[in-house]
Amino acid sequence: NFVEFDLNNKSHRTYGKIANVGKNPVSVLMDGELHVIGGFEHSKHLRWKNDTKEFIEHEMTEGPQYHIIQGHGVVVLQKKKQIILFGGNEGNIWNGYINSMWICNKVQEFEDGDSNNKYIWKRL
């Protein structure tokens, strides 16, 4: 489940299983938006769209091509609009370690809404 907390009203709202990420995803904020990367169920990059209350999947076609990414680290470079992913496992702990670093660039914004932002992954 995904839970949204409103600290002003001291209330919360629970959404059902809206993204099947499994255990050990990494969540970060960039430009006030929640990004969820990896998890035991997948290797996706998801971004929470607050106005529609849904996760938007961003393609990782040039990014890490693993079935699962877990145990990884993520750093946000806010001024550069970048996310750096490093380390972790490409499955469970016995499947092997990820010996590379990846960078995600937020490259485009449109006036008609944030759903058109593009995030491009490349190996460092």
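I call a residue buried under 20% relative accessible area, exposed over 50%, and partly exposed in between (1.4 Å probe, protein chains only). By that scale Glu-57 is partly exposed, with a relative accessible area of 43%.

**Ground rules.** I am working with a predicted model, where local features need pLDDT of at least 70, side-chain atom pairs count only at pLDDT 80 or more, and totals for chains, interfaces and linings use all residues. Residues are numbered from 1 along each chain as its sequence is written, and side-chain values use heavy atoms, with hydrogens and water left out.

**Salt bridges.** I looked for a side-chain nitrogen of Lys or Arg within 4 Å of a carboxyl oxygen of Asp or Glu. Side chains of opposite charge can pair when their charged atoms come close. I searched the whole structure and found 6 salt bridges.

I started with Glu-57, whose side chain meets that of Lys-44 in a salt bridge (3.8 Å, N to O). This pair links distant parts of the chain, 13 residues apart: Glu-57 is in strand 6 (residues 54–58), and Lys-44 is in the loop between strand 4 and strand 5. I take strands as DSSP runs of E, at least two residues, numbered from the N terminus. Lys-44 is partly exposed, at 36% relative accessible area.

Next I turned to Asp-31. It forms a salt bridge with Lys-81, with the closest N and O atoms 3.0 Å apart. Lys-81 lies in the loop between strand 7 (73–77) and strand 8 (82–86) and Asp-31 in the loop between strand 3 (26–30) and strand 4 (33–37), so the pair ties together parts that are 50 residues apart in sequence. Lys-81 is partly exposed at 26%, and Asp-31 is partly exposed at 29%.

Which other residue meets Asp-31 in a salt bridge? I found Lys-106, at 2.7 Å from N to O. Lys-106 is in strand 9 (residues 101–110), 75 residues from Asp-31. Lys-106 is buried, with a relative accessible area of 12%.

**A buried arginine.** I checked Arg-47, in strand 5 (residues 45–49). Arg-47 is buried, at 0% relative accessible area. Its side chain joins that of His-58 in a polar contact of 3.0 Å. For that term I need a pair of N or O atoms within 3.5 Å; within protein, one must be able to donate a hydrogen and the other to accept it, and residues adjacent in sequence count only if both atoms are side-chain atoms.

**Leu-124.** Leu-124 is exposed, at 58% relative accessibility.

Key
Helices (H or I, at least four residues) and strands (E, at least two) are DSSP runs, numbered from the N terminus.
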